[in-house]
Amino acid sequence: MSTRRDFLKVSLLAGGGLLVGFRWTEAAEGAAAAGVPFRPNAWVRIEADGRVVLVVGKTEMGQGVRTALAKILAEELDVDLDRVEIEQASPGPEYTDLGTGGSSSSMDGWDPLRAAGASARALLVAAAAARWGVDASGCRTEPGRVLGPEGRAAAYGELAAEAAARTPPETPPLKPAAERRLIGRRVQRLDGPAIVTGRARYGLDVRLPGMRFAVVARPPRFGDRLAGFDSTGALAVDGVEDCFAIPGGIAVVARSTWAALAGRRALVADWRAGAGGDFASEAHARALREAVAEAGVTTRRDGAGRAALAGAARRLHAVYEYPFAAHGAIEPVAATARVESGRCEIWSPTQTPNAVQAFAARTLALPPDAVTVHVTLAGGGFGRRLGWDFDLEAVEVARRIDAPVQLVWSREDDLVHGYFQAASAHRLEAGLDASGRVVAWDHRKASTPHNARRRPSREQLADPQFLAGSSWGVNDQPYAFPAVETSYRVVEAPVPIGPWRSVFAPSSVFARESFLDEVALASGRDPLALRLELLGADDAGVPRIAEPGGARVDRLRLRRVLETAAERSEWSRPLPAGRARGLAADVFHTETYVAHVVEVAPRARRRPGEPPFTIERVVVAIDCGVVIDPDGVAQQAESGVYWSLSNVLGETSFARGRAREENFDAFRIATFADRPRAIETHLVPNDDERPHGLGEPVVNSFAPALANALARLTGQRPRRLPFDLAALG
Amino acid sequence: MAEVTLTVNGVRRAVGADPGTPLLWVLRDELGLTGTKYGCGEGYCGSCTVLEEGAPVRSCQVPLAQAAGKRYTTIEGLSNDGSHPAQRAWLEQNVSQCGFCQPGMILEAAALLARRANPTEEEIASALGDHLCRCGSYPRILSAVRLAARRAAAGGRP
Ligand code: FES
Ligand code: FES
């Protein structure tokens with residue numbers, strides 16, 4: 001075994017393969033600096049039969065992460081993509097930092113995977129050169145083989161054992177971008193064949209011999225406490241075996257999912273009302289509107305801040321409102337667990353395997369290494385599977401019975417009892433000078449910080465830094481205003497709040513980009529020209545790089561996505577009567593730049609429930625750095641449009657302490673009937689050397705671009721999500 | 001408990017479960033065919049779609065008693081090897097994101113292609129109109145169905 005200081009560990013596999021261990025996270029640098037011995041947390045195996053196995057700690061939820069990571073490795077290792085198999089990592093001493101969120105997987109994997117692939121390739125070349133007694137510089141590779149002088153050739157598999165005995169190079173040569181065969185090219189998703197044949201295994205598809213199925217009866221309203229229950233009816237249901245209380249509710253255990261659900265219906269529980277049982281979203285929305293009437297804790301101040309408004313020749317303001325929303329992944333959350341003789345095994349589509357392991361161990365008073373977590377495919381994640389509540393429910397049931405159990409959340413459980421995107425209100429005010437230039441910008445946000453996974457402390461709720469961290473899109477806005485003030489007012493709610501696709505950004509960007517459009521209209525400016533100006537298009541005095549709220553923004557790149565979206569949508573060409581366009585842009589903290597232009601028309605024949613408009617065309621311009629797969633980018637762009645469109649059409653609302661939208665008849669997801677006639681994705685060339693996130697950044701600027709288009713089409717500006725469709729008709 | 005006999009993917013199966021049990025749960029929990037997905041249990045999402053005598057039905061809405069004697073095709077039985085034109089078109093168009101809704105979408109599309117060799121965009125959108133995809137794969141589903149239709153016209157199945 002040889003170790004290249006703080007970077008790579010190479011060893012021989014049983015059976016003659018090559019094992020390359022490397023480090024995924026940047027924590028490695030810190031550890032090395034502190035003198036902690038290098039310890040890999042990611043692995044590639046090159047088996048003697050030539051198979052390449054990449055062990056990944058990222059959860060596939062539909063974002064294509066497994067394919068993207070396999071491509072990055074295959075490119076530098078120089079193998080065909082179909083030679084790479086993906087093995088899902090389980091938490092353990094080698095895998096201490098698994099987890100998928102923040103649109104960061106390809107970004108974080110880029111350097112380590114390329115270095116690991118290039119090192120392995122260099123080792124294989126060196127092994128071949130030594131075997132042939134030639135200089136390594138006379139050897140090259142083609143996918144899966146080393147080629148040497150005079151027609152010599154050897155497959156990676158045959159060289160693997162010899163390569164394992166060598167010391168990896170200090171700086172393995174990386175492929176020049178021009179020679180890439182995979183990165184930047186379209187491929188078919190690796191998980192595709194399993195999905196279309198029904199072989200793909202999601203959280204709900206785990207099947208174990210002798211397993212049971214369980215559902216949990218949960219408090220019907222916020223704050224309800226269990227005073228007692230009568231399980232006679234439930235136990236009389238054929239197939240129901242047991243009913244017992246667990247933290248948070250009453251578990252019904254049965255031999256099939258259907259029996260468990262039927263048993264739960266037959267259960268009689270006595271719930272006592274507590275605080276929150278009268279919560280209603282309409283009253284909460286009023287509280288949020290009232291809250292933004294006053295400024296909260298300042299999260300950013302540039303120049304004179306809000307005080308600069310006083311000197312403005314003209315002032316404009318508007319209030320925008322944003323709803324609560326469930327995640328509504330089509331696969332409801334579920335986990336399977338077995339607790340047996342001091343060990344626990346969990347099968348879960350979790351986005352956070354290490355937390356599941358740690359909390360399960362704590363629940364069972366076991367050491368973490370007695371808990372094994374198997375990560376399955378997820379039927380959509382969107383942040384919901386960053387919670388471990390359902391995993392712990394599975395553990396609580398499994399510890400009380402002598403069989404493995406799948407803890408299933410029904411659709412109603414999933415839409416009513418999960419955690420939610422927080423409702424918010426935003427009040428924006430701009431001060432313009434006599435020439436119409438924006439000289440002051442005030443953005444107040446009122447909302448409820450995340451409370452579902454961890455409750456914020458009283459100190460945190462008053463801490464500008466904590467609140468700034470809950471204000472993406474507000475305090476990190478990219479425009480160069482001479483004076484800026486942003487603030488946050490906490491409005492408490494009994495609703496569990498947690499991560500949701502793009503987290504804090506959708507509401508803020510909707511408000512900010514809508515308001516900028518209002519400013520443009522009111523001052524007779526073109527909304528594109530106004531944005532470009534605010535990004536320094538004609539003013540060398542505006543710095544190209546800004547670091548608002550710690551996020552890095554390259555204003556030139558944001559201008560380029562705006563210009564590309566405008567050009568591709570023929571922004572400057574007038575539309576026929578009865579058509580209108582809207583524009584919006586955003587930069588996400590992953591340094592991903594996105595602009596949307598949306599074109600709308602009145603809907604000719606309107607069926608009940610349909611919006612009064614049709615979306616004729618959506619143009620999305622994206623700069624996400626290095627493009628791993630152009631079709632993957634387009635797929636995420638389309639996904640972002642539909643996600644945001646659902647946010648425009650539907651919400652989760654609460655009455656008497658409970659969500660009203662309990663199933664998909666009421667919780668509105670965009671369908672075929674809502675489809676835009678065309679969604680076009682355009683990649684903006686850039687000289688970045690790494691990929692940036694996509695899953696979340698593609699969501700934010702669609703809704704405001706649509707609102708801006710509708711304001712022009714109808715004269716009515718939607719300032720609230722979901723849109724009031726009746727008012728627009 | 002009475003036994004109910006039905007044919008799934010060409011195989012006769014006798015199931016001893018409550019006759020009110022939805023076919024969805026019979027397939028998933030009794031027969032181990034987990035390719036048929038649970039998304040809502042109320043007929044709203046379409047992810048549980050299977051073919052009953054060749055016609056799409058939502059298996060969460062079919063009680064076992066009603067399935068007696070009928071022939072069903074689930075995603076596992078649409079083809080032996082993923083070679084149905086819809087399955088192939090789904091791969092070529094990179095339709096799937098999380099993929100959870102796709103078995104239902106594919107079976108609905110297969111049934112549409114069996115009755116309309118060359119469906120229009122409106123026909124595709126209306127056949128699949130009640131299917132939900134939270135990942136937003138709709139545009140790719142449209143192109144995949146069109147591609148499958150072209151392929152079938154050029155000599156493949158169905
Ligand atoms: S599960 Fe049957 S339609 Fe949703
Ligand atoms: S692909 Fe995820 S729900 Fe359709």
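1. Chain A and chain B bury about 4500 Å² between them, with carbon and sulfur atoms giving 57% of it; buried area here is the accessible area (1.4 Å probe) that two parts lose on being put together, summed over both. On the side of chain A, A:V196, A:I330 and A:F672 lose the most area to chain B, together 18% of what that side buries.

2. The model is predicted, so local features need pLDDT of at least 70 and side-chain atom pairs count only at pLDDT 80 or more, while totals for chains, interfaces and linings use all residues. Residues are numbered from 1 along each chain as its sequence is written, and side-chain values use heavy atoms, with hydrogens and water left out.

3. The contact (heavy atoms within 4.5 Å) takes 59 residues from chain A and 51 residues from chain B. Seven salt bridges are found across this interface, each defined as a side-chain nitrogen of Lys or Arg within 4 Å of a carboxyl oxygen of Asp or Glu; B:D29 forms one with A:R207, their closest N and O atoms being 3.0 Å apart.

4. Within chain B, an automatic or database assignment gives domain 1 (2–78) and domain 2 (85–153), whose C-alpha centres lie 21 Å apart. Their contact takes 17 residues from domain 1 of chain B and 14 residues from domain 2 of chain B.

How values were computed:
Chains lettered and ligands numbered in written order.
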